[in-house]
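Keep the structure open as you read.

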Amino acid sequence: MSHDPDLDDCAFLSGAESSGGRQTRTGVAVCSQKRALIVAGVVLGSLLLTALIIAYAGPQNDCSCAGKMPPGFVLDEENVTLPFNPIATNGEPFPWLEMSLPTYARPMRYMVTIHPNLTTLDVKGQVTIELFIEKETSFIVLHIQDLNVTEKAIVTSGNKGYAIKIIKVLEYPPRQQLYIEVKEKLKKKSNYTLNLRWYSKLNPEPDGFYVDQYENQNGLERLLAATVFRSNGARKAFPCFDEPHIRAPFRISVFRDRFHIGLSNSIVHTTEDVGFYMGTGLLRDDFIETPPLPADAVAWVVSDFQRKSLQPSQAYLPTTPAPPVNTAKSGKLNNYTQQREKKPPVRNITALTHSLNMNMLIKNVTTTAIIPTENPNSKNLTSMSQSAGSLIKRAPSYTFYAPLELLTRCSFILNTSRDVLEYLQTWLDISYPLTKVDFVALPSLDRYIISSLGLVTLKTSFLNEPESITSEQYHNSALRIAEAMVRQFFGGITSRKVLKDVWLWEGLIKYLGMHTLMPLQPNLPLKDFYLLDMATAALDIDAIQGWDSIMNGTNHDGNNEEFFLQKTAAIFSMLHTSIGEDRFRGCLGAFLKINRFKTAEPTDLWTICTKKANGSKNIKEMMTLWTHQPGFPLLIVTKVGNSVSISQKPFKPAEFLAIHDETYDGNNYKKGTVVTDISSTVATPTTTPTGKPKTHMKWIFPVTYITDLNNVSETLWMQNIDVTFNVPENVRWIKVNAMQSGYYRVLYNDDNWAKLVEDLSKNPEKFTSQDRIGLLSDAFTLCHANLLPCEVTMGMIQYLPSETNWGPMALAMRHLEKWRRILKYSECFLMLSEFIKMKLSTVIQKIGWGDDGSEAIRLMRPEVLLASVLWEDIDSITKSKNMLNQFLYYNGSAISPNLREVVYTGAILSGEYIYWQHCWERFVTLQRTSESFVERMQLLRALGRTKDAWLQNRLLSRVTMLPTVEVVQVLQAIAGTPTGGAMACRFLQAKWFELESRLGQGTTGFAKVISAITQYGATKFDYDELKSLVHRFGRGSGMGILNMTLSSVAANVEWVARSQTSLYKWIESNLHIH
């Protein structure tokens, strides 16, 4: 063994043949000179004959497929139309042909040792994998990516274990697979140990094991190293069996110098001084063995951060540190909970002092502790439940690691995390399996939060002072933290068996994040947040024809459209309503207990729910229908007297006729005789392999309703038959989908609509905020689908001056903004604009231009004021301009984050160049920081909304240099102005090849850019223009987005054609009626 601690950081077993890297060929082919000449002549003759046939056989210019890819050919992917013959990096055939790994070699435990060098950015590592062989084999296949293996060995089990000779090591980078073949067959039902050593470089990007940097309080650049694993991303950091269904315990050891700390999923068991390396004292942190985890759930960090800690609430036993167990006597380190030890293991230490005693860890370390602050708007439900006699007596401690100057911002995260996690423990009746949860701030992280069991990493820009962000940002931050804690259970304790099932976990996490936070923060309108950002958002997207079912539409790699996750969350809300609160949490708790530290499938959860429902409802059949069938139901509700009938059918908008009517002139729609389906470019309904449409089965779900006489919801079940029932004689109206817990739309008969509108105008509080959201959402969506007269929708929004809640007002403002963009060239636009401004002015008089009031008012105010500015209310534009002017030139008060976008947009719409220039300079300044993403987006939207064509062109000239998300914001804003639509389209045509080169041909990013410009088109010309762009776009992952955009534009054209005259007449009759 070498004296270099970097090379011999732990014991390593190696075979006699394991000194090299990849194997090389040893055989040499030999033949005579005469035979070689004959073979060469035959080959050359064949090539010449083939060339002549190609050159002269058949016509050259009549082939319509010239230059095109053959059918079935997949660009930049494996061509499944040809035999698959993978070639390893050394030129030999790669023997393993499957994408997935063999199932007969299973890891039982990993021991991973990592030594990152933050000076040279080199990484040296070793992994020891204890394997169980299910059946006899002569090879092992595992995953590896961008790692250079230097030593390898396979050793038999037992005290007299010996190294088995390795005869072949092959690597196939396209599938990141490493093939190891041995001379002696591995016996079935036997244990072996695989040892691998490697070296690599720290990745400069946040992917795998990467290096990050930050500036400390002295202005010095400091480096840190951390893991960021996406699905199947662990193979970039260490060789492993990197598939989601494979879980195993991990023992992590991390080398670091004396000035850094090491963090991982579990707590430190021992820290040992292992000598010097490159003039620096070297320490090794050995972490306690984790529970069985998927490889991509493991995490570690090496940094010089400071820390701030928060202990569990008083209802739980404290997690006091204790001396560590000596490594040499520890035996198995499988005690990942404190329950298996008489004393809890030592808590991870921020930094060891320079004079480390080799025999013991320092016990007296100064730690900044958080004094729990009571939030007057929150309830400690955990303490309440603990006092009621819960069996769960322990909870983890919470520690935040960040540069010293950022630690003041972490109290909100720590307190919210503690409240949510402890509430979840009680609600699910599941004890958290670890003794700590660590949080680490990473400057370059490309996501807000990554939650691994015991270790949560956050983007540094997520750490904001509450007074520096908008109210909506604040609430979204709380939801993200809650979701991160839910992921500790659903993802940490139990995870998906295949990546395809990511939709289930992500949708459930979204729903539970909201559901668990609601009782903890009762003053936040979280139910309204859920409806706006998930349920109604998914319904609006699902209304666009062409979306597939959850099971068919989600991707096998787990990268899914946000829509599918929103729809899944909405379906879980419906499941919650179906079986009730107690059974719902009982199902989820049982799901975690049965699959503790295992993987599971959706059907496992549906089966448990069916059993918990005691056979009264077939939940499994219900959930299978909702996840395997595209679309959603439209309920037709007819109330005649005291009789109510409810039937269901798949939601489908009225037929698209305007896009085919050549006589359509953009103003007067004349129903022609042409009745055909929308262009084949648009996605078609799901079909069977034979090409016939699938038989659509009726959904199974509970229907809740209230009446004007009874605001306590009643429930009935929709299945294969329509439902008819009676209500009391004096009931005036019925409102279906009470509290908006169902995923469906409701269409009433005319009389019921009229009475709903009448009572909503007289007394909005007769309906809950969620029911008002539901009525408005149904009215706008059904109107846009041409299933409901626009007069009903216009009558409903008459009540808006009386609205006091954020949710209904925000939903109405967002739909009206869509109308503003679609109708900007129609004959009814000016009158509609006057009507909207009149309604909004009444609301503004009540809420004012300050930033005070209840949470609902502080959330509602920016929605209303921004809408007023965008509809170009002169008073609002003038007020915005004056506020910015006072701030810039007269030392006025700073503009509140809630009002920034309103003020920026209003000042720019005033037409004065100085305000546009100020906003541009402010944007350029903020580009240098990563902590102002929301304000940058607000500035870009405001800059694009200018009515000055020269300024719009100036902004477009710089747009190609921006990130994709910022390009989309700019183009959406410009295309939404009366003068900017045509300019944005010309820009797209002129910059097509530049954008395609930068974003990639056929990519999702490029498709989003095209959609940003075209999605609000409302004329046949707009539709035809987009259709030509879709054909030009070609194949690629972004085609789905463009197909949806094409459907959306077709719906816009149809709606404008059918509704603009009715809108004009209604507004003309009601404009001055108060």
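The side chain of N415 comes within 2.8 Å of the backbone oxygen of S411. This is a predicted model.

**N415 and its setting**
- N415 belongs to helix α3, which covers residues 411–428.
- N415 has a relative accessible area of 11%. The cut-off for buried is under 20%, so N415 counts as buried.

**Aromatic pairs**
- Searching the whole structure gives 43 aromatic pairs.
- F400 and F439 are one of them: their ring centres are 6.1 Å apart and their planes are at 5 degrees. Planes under 30 degrees apart count as stacked, so this pair is stacked.
- F400 sits in strand β20 (residues 397–402), and F439 sits in strand β21 (residues 436–442). The two parts are 39 residues apart in sequence, so the pair ties them together.
- Both partners are buried: F400 has a relative accessible area of 0%, and F439 has 2%.
- W626 and F701 pair edge-to-face. Their rings are 5.8 Å apart centre to centre, with 80 degrees between the planes.
- W626 is in helix α11 (residues 619–628), while F701 is in strand β28 (residues 701–707). This pair links distant parts of the chain, 75 residues apart.
- W626 and F701 are both buried.

**A ring cluster**
- Which residues do ring pairs link into a cluster? They are F84, F94, W96, Y104, F139, Y172 and Y179.

**Charges over rings**
- R480 places its charged end over the ring of Y448, 4.0 Å from the ring centre.
- R1032 has its charged end over the ring of F993, 5.3 Å from the ring centre.

**Helix packing**
- Two packed helices are described by the angle between their axes and the distance between the axes.
- Helix α23 (residues 964–975) packs with helix α26 (residues 1004–1014). The angle is about 15 degrees, and the axes are 7 Å apart.
- Angles under 35 degrees count as roughly parallel, so α23 and α26 are roughly parallel to each other.
- α23 and α26 cross in a right-handed sense.

Technical notes. Residues numbered from 1 in each chain as written. Predicted model: local features only at pLDDT ≥ 70, side-chain atom pairs only at ≥ 80, totals over all residues. Heavy atoms only, no water. Phe/Tyr/Trp six-rings, centres within 6.5 Å; stacked < 30°, edge-to-face > 60°. Helix = DSSP H or I, 4+ residues; strand = E, 2+ residues; numbered from the N terminus. Buried < 20%, exposed > 50% of the residue type's maximum accessible area, 1.4 Å probe, protein only. Lys NZ or Arg CZ within 6 Å of the ring centre and 35° of its normal. Polar contact = N/O pair within 3.5 Å; in protein donor to acceptor, adjacent residues only side chain to side chain. Axes fitted to C-alpha atoms, helices over the stretch in contact; angles between N-to-C directions. Parallel < 35°, antiparallel > 145°, perpendicular 65-115°, else oblique. Left-handed = near helix turned anticlockwise from the far one by under 90°.
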